[in-house]
Amino acid sequence: MQADDLDNVREWRNHPDVRRYMYTQHEISPDEHHQWFMRASQAPGTHLLIFEQNGVACGFVNITQVKQGPIADWSFHLAPFAQKGTGFQLGCAVLGHVFDHLTLHKLCGEALAFNERSIRLHRRLSFYQEGLLRDQHFDGVRYHDVHRFGILASDWLKAREALAQ
Ligand SMILES: CC(C)(COP(=O)(O)OP(=O)(O)OC[C@H]1O[C@@H](n2cnc3c(N)ncnc32)[C@H](O)[C@@H]1OP(=O)(O)O)[C@@H](O)C(=O)NCCC(=O)NCCS
């Protein structure tokens with residue numbers, strides 16, 4: 001991600017179909033977004049990526065290494081115009097990047113219990129469900145469970161052959 005991706009990423013992130021699945025759901029202002037980018041793009045062990053299809057930017061991914069080590073958390077969202085199936089392609093590209101290029105050991109993700117697409121996506125990508133955190137998130141009105149996922153480099157090695165068929 002470069003500074004000239006900022007407008008796209010903010011627009012996607014503020015879209016109601018993306019925002020409702022995030023831990024913070026307020027509309028992000030240009031100033032807040034810019035300040036976040038200045039911090040995150042310089043943080044060691046943080047990788048801000050744009051996913052492109054046929055040269056068109058259609059997704060954003062944040063990979064953050066825990067204590068800059070071999071275990072990382074990821075978060076992601078697509079452009080609202082992205083076709084079905086884009087999430088799976090983005091996921092495969094990210095897993096290849098994380099395990100082949102960054103040579104990390106483990107990638108972890110979290111999804112709110114009502115985010116069915118993200119939960120199905122993690123399972124389809126061969127993440128293991130490692131936890132169900134009960135009432136872990138309060139949205140201001142009610143509590144939600146959080147699904148916790150993880151995939152090891154060795155899991156991905158096996159899964160990618162099966163997924164390629
Ligand atoms: C999560 C997200 C990246 C998934 O992208 P996508 O393009 O819909 O993903 P895919 O089309 O590859 O589908 C992933 C799975 O969700 C399923 N799915 C698609 N639309 C669905 C829907 N409306 N309801 C339930 N499941 C759905 C697909 O069938 C597929 O599951 P399957 O492999 O078991 O069939 C995308 O929806 C998104 O950006 N959401 C908003 C942000 C977000 O939730 N980010 C993740 C935070 S944890």
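Over residues 2–127, the chain is 39% helix and 26% strand, with its end C-alpha atoms 29 Å apart; helices (H or I, at least four residues) and strands (E, at least two) are DSSP runs numbered from the N terminus. An unreviewed UniProt entry annotates residues 2–127 as "domain: N-acetyltransferase"; UniProt positions follow the numbering used here, feature names are shortened, and annotations may be inferred rather than shown by experiment. The model is predicted, so that local features need pLDDT of at least 70 and side-chain atom pairs count only at pLDDT 80 or more, whereas totals for chains, interfaces and linings use all residues. Residues are numbered from 1 along each chain as its sequence is written, and side-chain values use heavy atoms, with hydrogens and water left out.

Among the buried residues of H4 are Phe88, Leu90, Val94, Leu95, Val98 and Phe99, where buried means under 20% relative accessible area, exposed over 50%, and partly exposed in between (1.4 Å probe, protein chains only). Just after H4, threonine 103 takes a positive phi of about 50°.

Strand E6 (residues 143–152) is joined antiparallel to strand E4 (residues 106–112) by seven bridges; strands pair if DSSP finds at least two bridges between them. Lysine 106 stands opposite leucine 152 in E6. Seven bridges also join strand E5 (residues 128–138) to E6, again antiparallel, and phenylalanine 138 has tyrosine 143 of E6 as its bridge partner. E5 and E6 form a hairpin with four residues between them, and glycine 140 in the turn has a positive phi of about 105°.

Most residues other than glycine have a negative phi. Lysine 67, in the loop between strands E2 (56–65) and E3 (71–78), has a positive phi near 50° and counts as exposed at 81% relative accessibility. Aspartate 135 lies in strand E5; its phi is near 45°, and it counts as partly exposed at 48% relative accessibility.

Of the 21 residues around the ligand, Phe76, Gly85, Asn115, Arg117 and Arg124 come nearest, a residue being near if one of its heavy atoms lies within 4 Å. An oxygen atom of the ligand is 2.9 Å from a polar backbone atom of phenylalanine 88. The protein covers 79% of the 950 Å² of accessible area that the ligand has on its own (Shrake-Rupley method, 1.4 Å probe; for residues, only the protein chains shown count as cover).

Definitions and conventions:
A polar contact is a pair of N or O atoms within 3.5 Å; within protein, one must be able to donate a hydrogen and the other to accept it, and residues adjacent in sequence count only if both atoms are side-chain atoms.
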